[in-house]
Amino acid sequence: MAAQAADIEVLHWWTSGGEAKALGELIKKLESGGHRWRDFPVLGGGGDNAAILLKTRVVSGYPPTAAQIKGPEIQQWAKENYLATVTEAAKAQDWDSSLPKVVAAAMKYQGRYVAAPVNVHRVNWMWINTAALKKAGVEPPTSWDDLFKVADALQKAGIIPIAHGGQPWQDFTVFESIVLGQGGAGFYNKVFVELDAASIQSPTMAKALETFRKTRQYMDKGTPNREWNAATAMVIKGQAAIQFMGDWAKGEFSRAGKVPGQDYLCLPAPGTEKSYSYNIDSFAFFRQRQDDAKKAQADLAAALMSPEFQETFNLAKGSIPVRTNANMSKFDACAQRSASDFKSTAEAGTLVPSIAHHMAAPEVVFSGMQNAVSAFFNEGASISETQARLVAAAKAAEVRE
Ligand code: BGC
């Protein structure tokens, strides 16, 4: 029997220009297969608002077809018995041999796929407006100390050194790059993956916090609550010189017709050249009652993992396909670098999961840490007080288990 039209409702937080363009590729693909797309967008980068709305919907008995859920949180939803399996689609497309092993494992619960991944985002990037740096007569910073020298020169030239949106997830995004840059991948893993109290209380962590606080002097007054893409727009226009953000920012540069290496630079954040903090977008599937809804869900799963979709989607999104051996010939220099660094850091053991993007720790730990980092940055909590709060957040993992 031919596929019947069924509604596909997908909860996501892809509302910026670049994100919407990328999502449009998915909608096109499913609608051409006869399905109806029911959009469920939730404003707010990083997905904190989306997570709250999702819980409300699921608990009240109306789960969407799928929702943007990542990392360890997929296991949590599966454990609570809300997720559906998409075994047939996974077998037909041989997901097991198309995905890196760790990624496949994260998408499965008790050996069966309950989620599908679409990309790999690198988080530890620094986006630079080339003309702004030239105007100030400086080169891209190579260490965090150097960043402050560059920032002083930019300020003198009347350019906002760092574009930032003061929202907890963006604060956490910048902070994780500082920890990675100053402490290295081993230290980062100790703190954010092993949740080791001694490392969290170490002088290295205190220094990262101090550096983080110092970046604040180089942000403008409009920082509080600004959306991340508004900060990216400041760099695109040259009002500001630098943004520390994952490569969804590149989706905005591309959409504005900007060319990497020419109008802007994509460089690893200072000190993180040899490491890679990854963030994988994935969709978890919720149990459906009707057969046509189940069929639509299987089609969605197949669409998300198809090689053509992963190419067109990621060209717009700024990320790279998560499928191994993807053809990268149409991708720009930033994406090519991301793909080769992803491989080389995996081999070197310096590929780390992004804590700020839900890849590293269970939700209780993530949110406790995010709150502590943001309170430090915005409300003037002390370094030692913040370290203690981070340790308390890390301990929440033990309580939960
Ligand atoms: C997601 C990206 C998204 C970004 C900003 C991240 O957590 O992984 O897909 O573009 O948030 O909303």
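User: Let's start with the domains. What distance separates the centres of domain 1 and domain 2?

Analyst: Keep in mind that this is a predicted model. Going by C-alpha atoms, the centres of domain 1 and domain 2 are 26 Å apart. As for who is who, the assignment gives residues 7-120 + 280-347 to domain 1, and 122-277 + 351-400 to domain 2.

User: How many residues does the contact take from domain 1 and from domain 2?

Analyst: Domain 1 puts in 32 residues and domain 2 puts in 33 residues. The area buried between the two domains comes to about 2700 Å², with 53% of that from carbon and sulfur atoms. On the domain 1 side, the residues that lose the most area to domain 2 are Glu73, Cys334 and Thr345, together 19% of what that side buries.

User: Now the charged pairs. How many salt bridges are there across the interface of domain 1 and domain 2?

Analyst: The general idea first: side chains of opposite charge can pair when their charged atoms come close. Here, the rule finds 3 salt bridges across the interface. Elsewhere in the list of pairs you can look up Glu363 and Lys55, whose side chains meet at 3.1 Å, N to O.

User: Which helices each supply at least two residues of the side of domain 1 that touches domain 2?

Analyst: Those are H1 (17-32), H2 (48-59), H3 (72-79), H15 (307-317) and H16 (333-348). H16 gives the largest share, 8 residues. Sorted by class, that side of domain 1 has 9 nonpolar, 12 polar and 11 charged residues.

User: Let's zoom out. How many helices and strands does the protein chain have?

Analyst: You'll find 18 helices and 14 strands in the protein chain. Its radius of gyration is 21 Å, close to the 21 Å the globule rule gives for 401 residues, so the chain is as compact as a globular protein of that length. Along the principal axes, its C-alpha atoms fill a box of roughly 70 × 50 × 40 Å.

User: And how many salt bridges does a search of the whole structure find?

Analyst: That search turns up 16 salt bridges. One to look at is Asp7 with Arg36, whose side chains meet at 2.6 Å, N to O. Asp7 sits in strand S1 (residues 7-12) and Arg36 in strand S2 (residues 36-41), so this pair ties together parts that are 29 residues apart in sequence.

Terms used: Residues are numbered from 1 along each chain as its sequence is written. This is a predicted model: local features need pLDDT of at least 70, side-chain atom pairs count only at pLDDT 80 or more; totals for chains, interfaces and linings use all residues. Side-chain values use heavy atoms; hydrogens and water are left out. Domain bounds come from an automatic or database domain assignment. Contact means heavy atoms within 4.5 Å. Buried area is the accessible area (1.4 Å probe) that two parts lose on being put together, summed over both. A salt bridge is a side-chain nitrogen of Lys or Arg within 4 Å of a carboxyl oxygen of Asp or Glu. Helices (H or I, at least four residues) and strands (E, at least two) are DSSP runs, numbered from the N terminus. Ala, Val, Leu, Ile, Met, Phe, Trp, Tyr, Cys and Pro count as nonpolar, Asp, Glu, Lys and Arg as charged, and the others, Gly among them, as polar. The radius of gyration is taken over C-alpha atoms; the globule rule is 2.2 Å times the number of residues to the power 0.38.
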